[in-house]
Amino acid sequence: MRRTEPPKNRPSIHDVRPVPVRNVGQWLGGAVLLLLGLLFFQILVTNQNMKWPVVAQYLFDRKILAGLGMTLLLTFLAMVIGLAIGVVLAIMRLSSGRVFRAVSWAWIWFFRGVPPLVQMIFWYNLALLLPETSIGIPFGPKLMSWNTNDLITPFSAAIMGLAFTESAYAAEMIRAGIQAISHGQTEAAATLGMTRGQTLRRIVLPQALRIVIPPIGNDTISMLKFTSLVSVLALPDLLYSAQMIYARTYQTIPLLIVATLWYLVLTTILTLAEHLIEHRLKASPGQIARRKWWEIGLFGHQRAQVQA
Amino acid sequence: MIPPLLSVERLRKSFGTHEVLGGIDMQVNRGDVTCIVGPSGSGKSTLLRCLNYLEKPTSGVVFLMGEPVGLRWRGSRLHEMSFNELAVQRQRMGMVFQGFHLFPHKTALENVIEAPVIVKGIPRDQAVDEAMALLDKVGMRDRAHYYPAQLSGGQQQRTAIARSLAMKPELMLFDEPTSALDPELVGEVLATMRQLATDGMTMVVVTHEMGFARDVGDHLIFMDGGVIVEQGRPAEVLSRPTQDRTKSFLSRVLLDN
């Protein structure tokens, strides 16, 4: 490399600040994306087919709000039932009993493999397979029996399809969480005279759930969206309520926008809640990191990772 | 004659085809400090873990106050104990691990009161009072509300000792309690154990600390290849070993000290 002579009156290196590197690519790319964004926004605002007044008219419609409630109820019940079954499956999977392990494996294999939509339709039509449901002694007399068609409503079929699918995924997450707890923890509990159940409840599960909460949060968000599948069972959730209205009024796009807006509101709330919980859990116990509220944003997690 | 607090008879342990313990007989009298030393892989830790049935012996029996550990007579038939029956027996034997194994989601104080409250059903207030006294004894009173992650290795190990003592055990087992510690932290844990010995606690200590074995131990056991090679009063064994294997081990270890 050829060395050029330094100019005579250059200041001392300690007296000046260096000019930062300019990233031309970021500026150019940013400008293009901004332009595309503006175009999209223009379509949103100026396209008459969006019919924003109709959107506004139906956004807080009684039927839409009832559908919203149904969506939330389905999400909540499916998650609670799914997690409860999932904990049992995870414990069975880690048990020393071979039958327990096999049954848990088979359940997880089946319900992870069959799409929830197929399951829901199947559960709904269960009466075709088992016309009568009864309680009694296996292979012996029946004590009570019901017509299966009375038991299976669109609601119970939907809950089964969603909760059973969730249970299979939750079981695998909880199993991984339990296995991440070191063997030393259970040994220490054993030497203190704790029983298996006490060790599980007091030592292993509290630590395992801490690990499992972030993925469960993600699952809750997915579940909220999966509930829209119940529209095939004519169960009036958020999507089906919107569908019922546009089937009558032919305002298809505005009502789909209404549903979209509500789904976005709900997933945004859940995402924020999940990030709050995750940040609390990530801080080592006892020293919960004090963060400014704007640092726990929608994408706070990713940003923190980029900075790290 | 008073029967020994702990006695081990013809204890063998194999992992697959690999025999780790090849027939151990030993006794521990109440109030004694028994130190077990030997090269790594000699079976010391496995022996200690067989004493409270963390490892199930392949054959042979451990007796605690005359009762077989992990086994129970039903008439003339011998049965294995269930995990929860064993738990009752384990309350009488505390154990301190090389890796501390404090519960990370609980403070030092919560670690200490956990078993008394959950297992023995002692009222929480009373358990806290007793736990604070124990934490005071191991020099951890001012750190009672710290979580394990906020404590040094030595502080964690002293808390672990207090946690075991909270169950008021007859016997304390120590599995290389200072091996995972930075050198400058070893002293504080050994001082706590020394204090415990002075208080009359029966202790079985697997250790590499020859100084502790000589000064605090009442009995020294040298193991190699899964058997007890030599045992006796620590000063005797350390200064006048009779077996060649003991001599060569001691010459290697004492050179370092």
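Me: Which elements each supply at least two residues of the lining of the largest pocket?
Reply: Helices (H or I, at least four residues) and strands (E, at least two) are DSSP runs, numbered from the N terminus. Both chains take part in this lining. The elements are α9 (183–191) and α10 of chain A together with α2 (83–90) of chain B.

Me: Which pLDDT do side-chain atom pairs need to count?
Reply: Residues are numbered from 1 along each chain as its sequence is written, chains are lettered from A and ligands numbered from 1 in the order in which they are written, and side-chain values use heavy atoms, leaving out hydrogens and water. This is a predicted model: totals for chains, interfaces and linings use all residues, local features need pLDDT of at least 70, and side-chain atom pairs count only at pLDDT 80 or more.

Me: How much space lies in the largest pocket, and which residues of its lining are closest to its centre?
Reply: On a 1 Å grid over the protein atoms alone, a pocket is an open set of points where a 1.4 Å probe fits, with protein on both sides within 12 Å along at least five of seven lines; lining residues have an atom within 4 Å of a point. Points are joined across faces, edges and corners, and the volume is the space filled by probe spheres set on them. That gives about 820 Å³. The lining has 20 residues, and the closest to the centre are A:L94, A:H183, A:T186, A:R196 and B:F83.

Me: How does that lining of the largest pocket divide into nonpolar, polar and charged residues?
Reply: Ala, Val, Leu, Ile, Met, Phe, Trp, Tyr, Cys and Pro count as nonpolar, Asp, Glu, Lys and Arg as charged, and the others, Gly among them, as polar. On that scheme the largest pocket is lined by 9 nonpolar, 7 polar and 4 charged residues.

Me: Which residues are closest to the centre of the second largest pocket?
Reply: About 350 Å³ of space lies in this pocket. Its lining draws at least two residues from each of α3 (62–93), α10 and α12 (252–282) of chain A. By class it has 13 nonpolar, 3 polar and 1 charged. Of the 17 lining residues, the closest to the centre are A:M79, A:I216, A:G217, A:T220 and A:L270.

Me: Why does A:S231 count as buried?
Reply: A:S231 sits in the loop between α10 (196–226) and α11 (238–249) of chain A. Leaving aside residues up to four places away in sequence, A:S231 touches A:D237, A:L239, A:Y240 and A:Q243 (heavy atoms within 4.5 Å). Buried means under 20% relative accessible area, exposed over 50%, partly exposed in between (1.4 Å probe, protein chains only). A:S231 is buried because its relative accessibility is 14%.

Me: Is B:F100 buried or exposed?
Reply: B:F100 lies in the loop between β8 (93–96) and α3 (108–120) of chain B. Its phi is near 65°, positive in a residue other than glycine. B:H101, in a loop between β8 and α3 of chain B, has a positive phi near 55°. At 11% relative accessibility, B:F100 counts as buried.

Me: Which are the edge strands of the 6-strand sheet in chain B?
Reply: The sheet is open and mixed, in the order β8-β9-β10-β3-β11-β12. Pairing on one side only marks β8 and β12.

Me: Which residue takes a positive phi in the hairpin of β11(B) and β12(B)?
Reply: Strands β11 (219–224) and β12 (227–232) of chain B pair antiparallel over 5 bridges. B:F222 stands opposite B:E230. Of the hairpin, with 2 residues between the strands, the residue with phi near 60° is B:G225.

Definitions and conventions: Pairing = 2+ DSSP bridges.
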